[in-house]
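Subject: Handover of the model

Hello,

Here is the structure for you to take over.

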Amino acid sequence: MQHRRVAWTFAAVTFVVLLGVSSAFIVDWRWGLGALVLSVAAFLVSIYQLQNLVADTESYINDLAYQIQRGQQEALLEMPIGLVMLDEHGIIKWINPYMAKYFLMRLVVGQPLAEVDETLAQLVTAHANEEAPVVVTWQKRQFEFRYQARYHTLYLLDVTDYEQINQRYLNERLFIGNIYLDNYIELTQGMSDPDVSNLHNYVTSELSKWASEHELLLKVIDDDNYLLLGHQHALAQLEAEKFQVLDVIRENTSKLNSPVTLSVGIADGQADLIKLADMAQRNLDLALGRGGDQVVVKAQDQPARFYGGKTNPMEKRTRVRARMIAQALQELMVGADQVFVVGHAKPDMDSMGACLGIRRISEMNSQKCYVVFDQERVHTDIARLLTQVQDYQSIAEHMITPAQALELATPQSLLVLVDHSKVSMSMAPQLYQRLKNRTVIIDHHRRGEEFPENPLLVYIEPYASSTCELIAEMFEYQPRESKALNKLEATVMLTGIQIDTKSFTRNAGTRTFDAASYLRSAGADSELIEAFMKENRTDFMERNHLISNVSYVDDKIALCVGEDDRNYDPVTVAQAADMLLGVEGIVASFVIARRSNEVVGVSARSQGEFNVQLIMEKMGGGGHLNNAAVQLTDVSVTQVAAQLKSIIQPAQPDSVPKE
């Protein structure tokens, strides 16, 4: 380009000189001859100068090119970046001197990389398609690794010091925890002052020793509440130990007939301490909502991690709390223009009984209430209930579909979710989206990670036998002059309790029998209950067919797997899981069956020695320690069975202290 510019300039000057000489000859030949001589002299001088300029330019360019090439060569040889060039077969063609020290100065050129260093060859294979550098560990150092497949060249930049600084920062991030003694108030009510002091001193001493061993700050907030502060590396150690302090305190206090259980909410991964503290409190609420005796660790926008939850939750609710919930619900109902009550999809008698109970409470407070219900694909017991409902016009005319509820809903309406807290399980999820800021939750299942954001009122009691039990207690606090439960409502609610307690043989406490007694006095019909609980021949045969396919894991866990081309009713699947627990030596049962063309369900049951809730949560479901389930889409029954076995087999039954 430079030579071209010089040539054009020279041509232009030559043209101007020739033009001047011609003009001089026209004026006078002597002037023209003089101008020609001068022009030739100037021309010769210009050529000489131009040649010198070109020579200098070429010399400069050659020297610059040499310096650049030499710099490149020296950089390849001296720069602190490992460089390895391979051929298309993975043979080492060249390495720079910096890289040679990692091969202990051995002669490696001409040898396959896989034979020289298998780990490095595996890294090349693993990251061959990575466009951006990745940090890898090699020879006990950390490197920023990049492989250019196009040129068969790999680069290694030692970033160990920077990674150590980064790891130190991560390890020293703070976490905040809230520790709560679940049953401290209940335990100490009947104790003498010295015994209460001894119990509190023991728990505080044990927690202080545990905190000191792990370099944590423990601060006593109240008799049953502690604040925990520590670094991330300590939290990692606590999680590796699975918070054994919960088991230690529970087991030692059980020997004194005062078993203390702890719930802990821990938040990490947040620099803002205010947000961290708020998140820790929410995690504690989640642990309590799941029944207590467990730890919930959760960072913002990350899934929660659960530890503990090995024991059945103790009954801790009081009639004072039941009265407060009933009064709060009454105020919300009175302040709404109408009430919608929704159970879970695939409703059972507990869900339907809870819906009818809430409808009656709303009516007792002079408020209109609709039971939102989809009548398609219901089980036989719900079908029998719908037949009975036709004889009760006041109930029948207030049962509407989810589509009708969407049309009637207004911003002042109140939505009550019963027998579930997961919106994904709801009978009317679109109605919830419309009224998500006007929602009440009443449930007896353990609270899961999926939970409505801003409910107006939450009444979750995992230690209750059923949702019908919780709602039956509320009738004591309703207006006396209003019309009480009718025969059908009382019967359905008692049926829900009876089914969920397996005829009062499981999860039935004194409050359960009090609720059953109230419902009997309200007119619950035992003969109608038996009619609701009867099953048809098809369900009976399907359940027995499922049970006939039983296999065993370690001779303690029963596993039934249905056919992939056959759909089973979820109630039938649950009944099969219940019946398998009656087999001697079985501590848990799992029944896997297809519920529809898209959904495969798992029903899990245990006697309390094996935590089926944790198993189901790992698969995306939830429930109780001894009663849980999950539904999976776009998978086969065989795939679900393989996934379940891979989770079960490493697990060991958790021992439950006997009280």
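Tyrosine 518 is partly exposed, at 28% relative accessibility. Here buried means under 20% relative accessible area, exposed means over 50%, and partly exposed lies in between (1.4 Å probe, protein chains only). This is a predicted model: local features need pLDDT of at least 70, side-chain atom pairs count only at pLDDT 80 or more, and totals for chains, interfaces and linings use all residues. Residues are numbered from 1 along each chain as its sequence is written, and side-chain values use heavy atoms, with hydrogens and water left out.

**Aromatic pairs**

The count comes to 9 aromatic pairs. Rings of Phe, Tyr and Trp (its six-membered ring) pair if their centres lie within 6.5 Å; planes under 30 degrees apart count as stacked, over 60 as edge-to-face, and the rest as tilted.

Tyrosine 102 and phenylalanine 143 form an edge-to-face pair, 5.4 Å centre to centre with 80° between the planes. Helices (H or I, at least four residues) and strands (E, at least two) are DSSP runs, numbered from the N terminus. Tyrosine 102 is buried at 12% relative accessible area. Phenylalanine 143 is buried at 0%.

Tyrosine 518 pairs with phenylalanine 475: the ring centres are 6.1 Å apart and the planes meet at 25°, so this pair is stacked. Phenylalanine 475 lies in the loop between helix H18 (467–474) and helix H19 (487–500), and tyrosine 518 in helix H20 (residues 510–521), 43 residues away. Phenylalanine 475 is buried, with a relative accessible area of 5%.

Ring pairs also join Tyr98, Tyr102, Phe103, Trp138 and Phe143 into a cluster.

**Cores**

A nonpolar core is a set of buried Ala, Val, Leu, Ile, Met, Phe, Trp, Tyr and Cys residues joined through side-chain atoms within 4.5 Å. The largest has 73 residues; Phe340, Ile358, Val416, Val418, Leu431, Ile442 and Ile471 touch the most other members. Helix H13 (residues 349–364) gives the largest share of this core, 8 residues. Which residues does isoleucine 471 contact, leaving aside neighbours within four places in sequence? They are Ala354, Gly357, Ile358, Ile361, Val418, Ile442 and Met493. Contact means heavy atoms within 4.5 Å. A second, separate core of 29 residues includes Leu199, Ala211, Tyr226 and Val264.

**Leucine 288**

Leucine 288 is in helix H11 (residues 273–289). This residue is partly exposed, at 29% relative accessible area. Not counting residues up to four places away in sequence, leucine 288 touches Tyr180, Asp182, Ser263 and Pro462.

**Leucine 44**

Leucine 44 belongs to helix H2 (residues 29–78). This leucine counts as exposed, at 54% relative accessibility.

**Whole chain**

The chain has 25 helices and 23 strands. Of its 659 residues, 46% count as buried. Among contacts with a separation of 6 or more, 63% are between residues 24 or more positions apart.

Best regards
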